[in-house]
Amino acid sequence: MSNPDYDLVIVGGGISGAAIAKTVVEQSAKNKKFPRILILEAGRATALSADKYDTYVEAYHEALIKVPNSPYPASASAPQPDVLDIRPLKDAHGKPKIGDQGYFVQKGPMPFGSDYARSLGGTTLHWLGTTLRMLPNDFRMNETYGRGVDWPIRYEDLKPYYERAEWDVIGVAADVDHQYYPGIEDDDPKKYFRSKNLEKFKNGVYHFPMEEIPSSYLDQYLAKHVDGMTITLPGMDRDEPDHEFTIRISNTPVARNSTPTTPDYKVVGAAGNADRGQRCEGNSSCIPICPVQAKYNALKTLYELIVRYPYQLKEGEKEGQRARVDIRSQCVATEVMHDDGKVTGLTYKTYYDDGFKPTDHTVTARTYVLAANAIENATLLLASNNAANRSDQVGRNLMDHPLLLTWGLLPENVGAYRGPGSTSGIPSFRDGDFRDARTAFRVEIGNWGWNFPENTPYTTVLDLVGGGEDGKAQFYGKALRKRLGEILPRQFRIAWELEQDPEARNRVTIDDRYRDALNKYRPVIEYDLSDYVKASLPWAAEASRQLFAQLGMAEKRRRPTYETGDYSHYDADDASVVQYEGETYCVRGAGHVVGTHRMGDDPTTSVVDSHQRSHDLPNLFIAGCGSMPTLGTSNPTLTMTALALRTGDKIAEELSK
Amino acid sequence: MTTRTPEPIKDLTELKAALQLAVGLELSTIPVYLTALYSIKDGTNTDAAQTIRSVVMEEMLHMALAANVLNSLGERPSVRPVTFRGNQVSPVPVYPYTSPLVSGIGELALRPLSTEAVDSFVRIEHPYHGETDPAKIKCPKGGYPTIGMFYDAIKAALESTKICKDSDFTGARQVKATEYYGGAGELIEVTDRKTALAAINKIVDQGEGLPIERMKQQAKTVTDEDKLGYGWQMYSHYARFRELQTGRRFRSTQTAGETPAGSLLLVDYDAVQPAQFVKLNGDITGGPEGAALNEFDLAYTRLVDDVYLAFSGAEKKVENKLEPSGKQSKDPLPLAVHGMYALKNRAVALMRTPIPSSPKHTLCPRFHYAATEDDRKKLRDTAQQMRGQSR
């Protein structure tokens, strides 16, 4: 192909695509190369203008059930999964049943419990913004614990990219000294974060671009009551001794604007409205939407690109003097065309809101990047005549962080429902020799009462107003407000986020019977938890019991009564029920969609190499959380961004040749 | 009658007093703009709201800049009345407010967004406050006809080595650039004469005190310092309010003195809460409505105190049950930021509440700063009484 339309075409206008585009532009400029880049986004670009973003905020305000996708309008042409579509995958007789009422076609045996947003900006529109790095052992699970697979790169390889992701793309607020992680050198966060960039960080002493978001009052309350306590968890059998864990409340690094640690760092406000969102305001709706965009979303990076490098040349500008970035929304990629070991073009459909029929297009480039959600990347490859799939790993090893929620009513007002969704966690269970037998987990402390497990505060209002059989309201007016004031601020919940191991049977496939309005394949999902994951459920539940007891919440309670105690319970008829060793648990999805095109050195067992380049089609990069061979216990967006930067460097190097 | 002319500042004491009043002058316009901003109904008048909001944020920046200059000269910003050329002047205004210092501004009144309100904004920000010739503005005794002349006098004093020596600039108690945010540009830390002048120039350049020559320059002229991230640019307050007043944007080729002739900027004056200002003790609003007005004033009082406490470099003791003493020392600046959000919520709630005796109108925040502990106690006590009243 002599004259491609673009130097680089990226499918997906989320954080991975945005970070790759930005990196390619900036790194190429160092070699005086100025690429033309096209970003294709399946969803709408509504949110890129500040006043239209406000229509999303209004949609959130008006939604009766505030799930992650509630502010973001779905489209039949680019449908998206919604957690409200999750149903039990069994019929009335207990026989398996396919769940196809939503966008996903769920074949089970468990429903895949997470969603993502198909909209410009992607799922960063509704992520919580947790930006933990992975731990060193997370990259070598097989070598250290004989589980899962090893990454082709190690923590030290990715470290410089983590730093750039934290500074140049996302903007992370955290304090190195308050990161108490297991499995790091000498248990010393300073060593774990030590930088090789001595120019920027004197003596390698790393610091984040912004000061930590202050720990919530709840975090401080917990620190006072449980910091230093020992939790003892039983071994599986007599051969395995008990395991002891020391609890330490650790402030969590987040993609949330706060005070810069140095005047050189420029805080990035809302896309298109730079004077908004320069600090977190504590609006307490990070999920599903930060109304001021103090939380990072990929729109910020995309906005920077189109303002600095507009595709349209201005009067007097000549081609080849600066980079040019073109973003086209409502363009759904339909096929990666490939021939003779390389990609030859990409087809996509553009849909319109004014009644015109969708139109078909083909675009060519020197290099192609798939940077959609892991499930979308896999679906597209499978629909492209099984592209890049010599390993038969495309779509396989689908992972998430299954969450076990536990919740209770504390004896005192801890100020629930204030501030960001989470400001601290308990990292004690993120690594240890127990990982040979059961999965590691991270503990996220939730600041928003019981909204996740019980849809409070709304249900608490209903409980108190009551009605009961006699139809009489119990509380109303001032008495209702007073009682709510006594209950809601004491509500407390923890999410025990379990690492899921890669399994070939957990997979995305396509099926001719299931297509969307544009005739594109819908993802067909088979999903389950391994015994390795399930073995941590009783551990998490037991750790929760010990923690709750220490906090005075040992007594088992249930709504609609409200007394100090443990309200955790799991219903057998829940869609996401898990039975393990005679106990019933429910797990929720964390929105961490990972692993459908894993990276590795061996082309027969992995889809991409460590630069996220397809083993089979060298001019194709398949980027995003899908490349992660294992998940660890950190929320994957930061790692995905670090990988995107590494990929961006590689593409820039090649385009500069 | 002889025409009075503005006097230059004669010594360091007078300069410090003038800077105390400059901090207050910047504060005094904020409630005027906020009342209009918060009266806009949710989801309407996006452009008007953005314009007013951007100006408010710059006034906040200016207040901090003036405080940094004052602090650098070794004087703590204070809400206490200042003796300036024999007059006792309170830096914090009571509305409606006629500045004894700068006569050209006229009366500062708290109004919801309306054509009158926008007219007054334009007048405040015009170099000669709407007059063609500053000589037509009567100079008050010991004061200045225009804000521009007031700042000119401050600049002249800061430039004079007779009035302030190099060693007078201590760089004490600076609000840091990293602590100021929300657009509007960067806060300058004042460590010497040069940075002091830069700080005052920044105030003048963005807002009030704009030199008349600027009316002949392109309306959308911005200095480098006003270029925010992503090429976001802020031109003068005057030009921004002129756009609201005329309902059109300036064309990039027009000068600030011309009438904007660019694209339409629609302002819907009906999508505004019909708030009506009634001054403290000037009404018969009791009950929960009266209590809410008092509580707003108390919240505003606390906010102003926190801001000044932050400027004076002090910490604030706040309650924290988790501390053994039950108290914790905190930087008052972030507390003040909390106070700003709380104030907005209260203002919006007031402006949605009908006045019982005049239901076509809604309550209007008074922004009444209760200066003494007695005043505060009275506001608290009457609020409590009124809360208990029922109708």
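1. The contact between chains A and B. In this predicted model, chain A brings 24 residues to the contact and chain B brings 21. About 2,000 Å² is buried between the two chains, and carbon and sulfur atoms give 58% of that area. Interface size is often quoted in this way, as accessible area lost when the parts come together.

2. One salt bridge is found between chain A and chain B. Its partners are Lys266(A) and Glu186(B), with the closest N and O atoms 3.0 Å apart. On the chain A side, helix 2 (50-62), helix 6 and helix 7 (298-308) each give two or more residues. That side divides into ten charged, eight nonpolar and six polar residues.

3. Asp219(A), a point to check. This residue sits in helix 6 (residues 217-226) of chain A. Asp219(A) is buried but has no salt bridge. The nearest side chain of opposite charge is Arg256(A), 10.0 Å away. What does the side chain of Asp219(A) join in a polar contact? The partner is the side chain of Thr423(A), at 2.5 Å. Leaving aside residues up to four places away in sequence, Asp219(A) also touches Ile249(A), Ser424(A), Ile445(A) and Asn447(A), among others.

4. Salt bridges in chain A. Over all chains the count is 58. One of the pairs is Glu454(A) with Arg559(A), at 2.7 Å from N to O. This pair links distant parts of the chain, 105 residues apart. Glu454(A) is in helix 9 (residues 451-454), while Arg559(A) is in the loop between helix 13 (536-550) and strand 20 (565-566). Glu454(A) has a relative accessible area of 9%, so it counts as buried. Arg559(A), at 27%, is partly exposed. Asp392(A) and Arg396(A) form another salt bridge, with closest N and O atoms 3.2 Å apart. Here Asp392(A) is partly exposed at 38%, and Arg396(A) is buried at 14%. A network of salt bridges links Lys22(A), Glu26(A), Glu304(A) and Arg308(A).

5. A salt bridge in chain B. Lys316(B) and Asp306(B) pair with closest N and O atoms 2.7 Å apart. Lys316(B) lies in strand 6 (residues 316-319) and Asp306(B) in helix 7 (residues 287-311) of chain B, so the pair ties together parts ten residues apart in sequence. Asp306(B) is buried, at 7% relative accessibility.

6. Tyr368(A). This residue is in strand 11 (residues 365-370) of chain A. Is Tyr368(A) buried or exposed? Its relative accessibility is 2%, so Tyr368(A) counts as buried. Tyr368(A) and Val9(A) are 359 residues apart in sequence, yet 5.0 Å apart in space, C-alpha to C-alpha.

How values were computed
Residues numbered from 1 in each chain as written. Chains lettered and ligands numbered in written order. Predicted model: local features only at pLDDT ≥ 70, side-chain atom pairs only at ≥ 80, totals over all residues. Heavy atoms only, no water. Helix = DSSP H or I, 4+ residues; strand = E, 2+ residues; numbered from the N terminus. Buried < 20%, exposed > 50% of the residue type's maximum accessible area, 1.4 Å probe, protein only. Lys, Arg positive; Asp, Glu negative; His and termini not counted. Salt bridge = Lys/Arg side-chain N within 4 Å of Asp/Glu carboxyl O. Polar contact = N/O pair within 3.5 Å; in protein donor to acceptor, adjacent residues only side chain to side chain. Contact = heavy atoms within 4.5 Å. Buried area = accessible area lost by both parts, 1.4 Å probe. Nonpolar A, V, L, I, M, F, W, Y, C, P; charged D, E, K, R; others polar.
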